[in-house]
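Good morning, colleagues. Please take a moment to look at the sequence and the model, and then I shall go through the main features in turn.

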Amino acid sequence: MYDCIIVGGGIAGLQAAIQLGRYRHQVLVADKGQGRSTLCRRYHNVLGWPGGVAGTELRRLGREQAQRLGVSFQQGEAVAAVKSGDDIEVSLADGRGSVKGRTLLIATGITDRYPPLPGLEEMMGISVYVCPDCDGYEVSGKRTIVMGAGDPGAGMALTLRYWTDRIIFVNHEKTAIRPDKLDKLHEARIDVEEAEIEQVLSGPDGAEGSFGGVRLTDGRILEGERGFIAFGGNKVHTDWAVSLGVERLENKHIVTNPRTKMTSVPGVWAAGDVGIHSEQLTIAMGEGAQAAIWIHKELMKRAADKAARIRD
């Protein structure tokens, strides 16, 4: 029986694990081993890392730090959870059994939807980006290709106009764009290509992760210096927690108390991108610590209540 089970070993989950480990609680992190932070090869807007830091490196450092504090880790993807009294049991996929804890932190994040374009993943976070708030700065004044679909792609292209006026939007899935957004694209002088991408090309300098543009299925090459993806339909990993009765929005993000990060279910917290969020690494980190502080308070309250019952 763990004091807390953390489902998700990304940034929010690891920060919570470190905080709870420093409280000397018995903590288990159940982690399937992949997520947004494993795909981003460089975060650029994190305090203390002016040259950027890879998500995999942050995860490695965070896991080592948590393990030094006595936190346990188990490979596995959560598929269901049930609550019995104050305790919670989480079932893991692929016959990995189940784990039990007094409290639960949901930190399973989201997954960006994008097609398996050759060459794309090697550039993620280095010269091709997902979040304009994180990395819009990186395209300042540069010829930028937005690879996307319909309204999400159009919206991204319009957002990036703040940093550069050299933008091409490739509507790879040829999804309809709302007329008002089309008008705004034309007003902003953003070129729109209704064409499928065959390959994401490396830059002429040959540097690792360097973006050089895209080759379309009709053979044309569109040159660029930076890329963004915006296909919409990202997957929010909260279905496995539905059985707990946590309140979710229509888009499947979990509603939490803004002060404590507790969900609508006592003893269950959520942090990071699964919540109502801004998809920022630093915010996920903060929410992980915030949730851990209130988990500790709850565990201390339960211990005090138990001691009082024994005395009585």
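What is the volume of the largest pocket? In this predicted model, the largest pocket comes to about 770 Å³. Its lining is made up of 47 residues, and those closest to the centre are Gly35, Arg36, Ser37, Gly109 and Ile110. Several elements supply at least two residues of that lining each: H1, S2, helix H2 (36–39), strand S7 (110–111), strand S8 (128–129), H4, strand S16 (235–236) and H7. Helix H2 gives the most, with 3 residues. By class, the lining of the largest pocket divides into 21 nonpolar, 15 polar and 11 charged residues.

Gly272, Asp273, His277, Ser278, Glu279, Gln280, Ile283, Ala284 and Glu287 line the largest cavity. Classified, that lining has 2 nonpolar, 4 polar and 3 charged residues.

Now the chain as a whole. It has 7 helices and 17 strands. Its radius of gyration is 22 Å, close to the 20 Å that the globule rule gives for 312 residues, so the chain is as compact as a globular protein of that length. The C-alpha trace spans about 80 × 40 × 35 Å along its principal axes. Of the 312 residues, 50% count as buried. Among contacts with a separation of 6 or more, 60% are between residues 24 or more positions apart.

As background, nonpolar side chains in soluble globular proteins tend to be buried together. In this model the largest nonpolar core has 22 residues, and the members that touch the most others are Ile6, Leu20, Val71, Leu105 and Ile295. Two or more residues of this core come from each of strand S1 (2–7), helix H1 (11–22), strand S2 (27–31) and helix H7 (281–311). Helix H1 gives the most, with 6 residues. H1, S2 and H7 were also named for the lining of the largest pocket, to which each supplies at least two residues.

Which residues is Ile6 in contact with, leaving aside its neighbours within four places in sequence? They are Gly13, Ala16, Ala17, Leu20, Val27, Leu28, Val29, Ala30 and Leu105. Apart from this core lies another, of 21 residues, including Val99, Ala241, Val246 and Ile254.

Is helix H5 mostly covered or mostly uncovered? Helix H5, residues 150–160, is mostly covered, with 8 of its 11 residues buried. The buried residues in H5 are Gly150, Asp151, Gly153, Ala154, Gly155, Met156, Ala157 and Leu160. What covers them includes helix H4 (132–135), strand S9 (144–148), strand S10 (167–171), helix H6 (179–187) and strand S15 (226–230).

I shall close with three individual residues in loops. Glu122 is placed in the loop between S7 and S8. Glu122 has a relative accessible area of 47%, so this residue is partly exposed, falling between the 20% and 50% cut-offs. Beyond its neighbours within four places in sequence, Glu122 is in contact with Arg41 and Gly209. Glu122 and Leu14 are 108 residues apart in sequence, and their C-alpha atoms are 25 Å apart in space.

The other two residues have positive phi values. Lys174 is not a glycine, yet its phi is positive, at about 55°. Lys174 lies in the loop between S10 and H6. With a relative accessibility of 47%, Lys174 counts as partly exposed. Lys252, likewise a residue other than glycine, has a positive phi near 80°. The loop that holds Lys252 is the one between S16 and strand S17 (268–270).

Technical notes
Residues numbered from 1 in each chain as written. Predicted model: local features only at pLDDT ≥ 70, side-chain atom pairs only at ≥ 80, totals over all residues. Heavy atoms only, no water. 1 Å grid on protein atoms, 1.4 Å probe; cavity = no way out; pocket = protein on both sides within 12 Å on 5 of 7 lines; lining within 4 Å. Nonpolar A, V, L, I, M, F, W, Y, C, P; charged D, E, K, R; others polar. Core = buried A, V, L, I, M, F, W, Y, C linked by side-chain atoms within 4.5 Å. Buried < 20%, exposed > 50% of the residue type's maximum accessible area, 1.4 Å probe, protein only. Helix = DSSP H or I, 4+ residues; strand = E, 2+ residues; numbered from the N terminus. Contact = heavy atoms within 4.5 Å. Rg over C-alpha atoms; globule rule 2.2 N^0.38 Å. Points joined across faces, edges and corners; volume = space filled by probe spheres on them.
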